[in-house]
Amino acid sequence: MKFKALCLAAAAALSLVTGAVAQTNWPIKEGDYVAKDFKFGTGETLPELRLHYTTLGEPKRDAKGKITNAVMVLHGTGGTGKQFLSPQFAEALFKPGGVLDPAKYYIIMPDNIGHGKSAKPSDGLKAKFPQYDYDDMVAAQHLLLTKGLGVDHLRLLFGTSMGCMHGFVWAETYPTFAQAMMPMACLPTEIAGRNRLWRKMTIDGITSDPAWNGGNYTTQPQQGLRIAANFLILAGSSTIPMQKALPTREATDKFVKADVARRMASIDANDFLYQVASSRNYNPWPKLDAVKVPMTWINSADDFINPPELGIDLEAAKRLPTAKYILIPASENTKGHGSHTWAVLWQDEMKALLQRTEK
């Protein structure tokens, strides 16, 4: 498998990426689009739905005035658009001559509903915030592009984790909108088994904490947040690198104490609860055969959330005639579920996808 050679070579490349001085002053632009009277799938509405976004590069237009170089990058559960400015992603892809060089592409990185600076429960509505799902989030992304930014065509749609699942929703809901798609770290099937298990456990951990008070807490429910933080560490873990980084009981215990505290400090219970629950009715499986958009879909073998031993990935790949499926072997260089943001592992595949979908 060609990715074996890539992963063997990645050690040197990773050291270069992480050892270099990270660029922190990317020439980004930020803005908000407000969708009026947004109706959710539950029938609930918001008079104003704020959608925050970050962009790099400038739109380029054809003779008819249509934007031709738009790329949308979608984050995972709990993330934001700005997470893609991290060195392991941005320093590889956004640099001059990189696969997503902003001199060539107009890169759009939204904060999804319930995340970042977009509308979310912690803004004030708390548990009265509409019960959004992935369909709502994709509909909001479509509004942001078409009504907010004047984009009616994507050169590439790239998504990680939840953003990967959003990609499959896009492929079925707006089948001709993107010229190419690159979903990473997900499965195009109902959230069930172990993936649903950890989500359900975190939801129950928060809602069973007496301090949660039906979502109307005045201070964060610490017991519930601790459970959530514990599961986030486990779900994002990678066996080989973690064993190497934490070779003793003392090192492991020290890491857990510090990382749980760090995560708890950044989580709002309602926001997190909504984020995890929004996957409840995701299931592109029944209509998968209808997906025709050219696609490179990548998972990693050490992904706790999407374990390849289930065989769902290979079965799905057979039903996606325009998709190239790649499973990155587990190694010291992969990052478990988080391999999706370490561009050194897969940037050549993104380049190849863009080349094979040129018009």
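Helices here are DSSP runs of H or I with at least four residues, strands are runs of E with at least two, and both are numbered from the N terminus. This is a predicted model, where local features need pLDDT of at least 70, side-chain atom pairs count only at pLDDT 80 or more, and totals for chains, interfaces and linings use all residues. Residues are numbered from 1 along each chain as its sequence is written, and side-chain values use heavy atoms, with hydrogens and water left out.

A pocket is an open set of points on a 1 Å grid over the protein atoms alone, where a 1.4 Å probe fits, with protein on both sides within 12 Å along at least five of seven lines; lining residues have an atom within 4 Å of a point. Points are joined across faces, edges and corners, and the volume is the space filled by probe spheres set on them. The lining includes Asp133, Val169, Glu172 and Lys287. Helix 3 (134-148) and helix 4 (162-173) each supply at least two lining residues.

Now look at helix 4 itself. Of its 12 residues, 10 are buried, so the rest of the structure largely encloses this helix. Buried means under 20% relative accessible area, with a 1.4 Å probe and protein chains only. Among the buried residues are Met162, Cys164, Phe168 and Trp170. What do the buried residues of helix 4 pack against? Their partners are strand 3 (70-74), helix 3, strand 5 (156-160), strand 6 (181-184), helix 5 and strand 7 (295-300). Contact here means heavy atoms within 4.5 Å.

Cysteine 164 is joined to cysteine 186, with S to S at 2.0 Å. Cysteine 164 sits in helix 4 and cysteine 186 in the loop between strand 6 and helix 5, so the pair ties together parts 22 residues apart in sequence. Cysteine 164 is buried, at 0% relative accessible area. Cysteine 186 is buried too, at 1%.

Finally, turn to the largest pocket. Its volume is about 1400 Å³. Of its 46 lining residues, the closest to the centre are Thr77, Leu232, Gly236, Arg262 and Arg263. Helix 8 gives the most to this lining, with five residues.

Conventions:
Buried means under 20% relative accessible area, exposed over 50%, partly exposed in between (1.4 Å probe, protein chains only). A disulfide is a pair of cysteine sulfur atoms within 2.5 Å.
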